[in-house]
Amino acid sequence: MRRRYTWNIFQSIEYSGEQAQIKLYNFLGYLMDNFTPSSNENLISHIFRENEVCRDAEWERYFCYKNIEVPEIYSGPHLTFPLTVEEAVGLVEAFRNKKQLHSRYVLQLLLETWKLLRMLPNINRISTCHSKEITICDLHGQLEDLLLIFYKQNGMPSLEKPYVFNGDFVDRGRDSIEILLVLFAFLLVYPSNVYLNRGNHEDHIVNLYGFTKEVLNKYKMHGKRILKLLQKIFSWLPLATVIDQKVLVLHGGISDSTDLGVLARVDRHIYISALRPPKKRHHSLAGISIDSDADVDTAAISRVFQRRASFTYPKPMGTRYCFQNRSLQDFSDRIRVNMENQLELSRREEPTLNAQINKPEQESLCLSTDSVSSDNTVDEWKQILDLLWSDPMTQDGCIPNEVRGGGCYWGPDVTEDFLNRHNLQLIIRSHECKQEGYEFCHNRKVLTLFSASNYYDVGSNRGAYVKLGPDLVPYLIQYQASSMTRELTVRQSVGRTERSALRVLREQLFAHKSDLLCAFRKFDSENKLLSLNDWASAVESVMHLDLPWRMLRSQLVTCKNSEGTIDYYEWFNELAITGSKTDHIDQSLLETLYRHRSTLETIFRIVDTDNSFISMQDFRQTWKLLSVYLKMEITDEAISDLAVTIDSNHDGSIDIDEFMEAFRLTDKKSRLERGRSMFMGTASDLTKLE
């Protein structure tokens, strides 16, 4: 039971973090689509520059590595191209010994990978007849798991030992870039024996916090070029792999509309991010390419939302043409505007807009010959979104995945229909952490595989990979990479993981103090005392984490009186964070900071484009963005007090890492928090943003 509720704590908070990441992206995208930033406010536009008009040859010149010199003191691995097996193995050994690959070789390796990926189909089709077994795994940025598989379990990729790596290579552990470089190296050496599927974290928006931060820290001079090239590479990763025409390997899942025929035909590279449809490209008479939203046909995308309301793209509020151009400074005043009025304005202007689009070329803009219709674009996007984000469920049907905020939940009947239509017998997917490293469902026709052991914390779960031979019967191997785990008894392991989960949960409870107080007062307005049942009901009404609060009471609440009631004011004193750094800061601002700490850091990372410091002006602008996002008032005085607290050397700029560390609630990061965008608010916070 302790293992179960510990697991539920970690998973509930992880999924609420994913929801909040998507909500934040939608909010920033809405700003970009509907408001014209002034010259000094263009803080977020660079994350939406997905469709720069540029030929591949021009991109290759931009990513050129030849002017980057490797110093004589460099002691890391050296690469030559075409890459050899020995160099690929040497790269693994170098990373095993904590060495770093020079940025010149990184760019060169990524460029060669990009060229190869552009030649691959959307769906790889492979056979077991040329080898004894095919190994399938996923990694989540945890190099220690990959090293365990390569050195102690299964061996490195070779002609006799093909691998399928099933997405989410990045964004989880500390060594995402090293994992990518190893996988790409073996892909170049064995292009017919190493297969890579795209995961939902191979997306520059989803990994804006974790992976982006890692790359910029490790490659301070050329990190931005590396990230831009990786953005291109991620969009060219194949979407799925089919083994012997019978086993489908994909990262997330399917829906009731998934069609492998459609997925095989899409231009996958235009989906730089799967979180919203790509932009359409139009051409003017002057031959200048102009990007506009692919969802100009608001009716088409509206039909999608009527069927699947949980799609991550915001509910249609009209195109950029139907809003007055406003600066970001004016945006906070717009919060109270009735959106129905804006929708009505959109409907009135739509005929005019369509007329403009349909004018002859000499009179207006026209679609380029290579563009696709809005209906097709939205359908393709939906298919890719489902493939990367969906999860299976036990009951029949297909419903929106409200827990993650993207994709769907699909049932056994959907699996059966899909397998019959495509003459398949098994789906192997990843995307969900499982305590044993794997889990069968849907009458053993869906296998969830998770290869990142100790994912939430040391001892939290096993990792697993699967081998498929010609008989296509899955052979599963489980492991745990940490030597510490092997030294602990079961009771010690559960206790360690439980303490980590409860520490995270206490942080969340403190960050929701105001909302919890309001909920408690509904049950008790005078005595400040609550029964156990009332306390549990009130906490769940605020947190929406679906946890056994009555059982957790003994772990979370030590203050209690003889009647067994809970003094909730005394309980908050137990949870309170004290320290001289925070004494003079407005308490509502402090609570906001703790509750939305990772959201704030994500915005900071967007603003801090060169990964160094941000000015006081940008710091204030970041908080203004956050206040609009949260629909709350944050005074200039409160922001200034916070800025003074952080700027300890009074140089007028702020180091974001020091800022985030200064306001950490717990004294130690769990694995759940390290390198990932977590703790970005619970489900109750998200409903306020609808």
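Helices (H or I, at least four residues) and strands (E, at least two) are DSSP runs, numbered from the N terminus. The structure is a predicted model, in which local features need pLDDT of at least 70 and side-chain atom pairs count only at pLDDT 80 or more, while totals for chains, interfaces and linings use all residues. Residues are numbered from 1 along each chain as its sequence is written, and side-chain values use heavy atoms, with hydrogens and water left out.

I68 lies in the loop between α2 (56-62) and α3 (85-96). I68 counts as buried because its relative accessibility is 6%, where buried means under 20% relative accessible area, exposed over 50% and partly exposed in between (1.4 Å probe, protein chains only). Apart from neighbours within four places in sequence, I68 is in contact (heavy atoms within 4.5 Å) with H102, S103, R104, L107, H222 and R225. The C-alpha atoms of I68 and Y105 are 9.3 Å apart, although 37 residues separate the two along the chain.

The contact involves L532, N533, W535, A536, V539, E540 and M543 of α18, together with W549, R550, R553 and L556 of α19.
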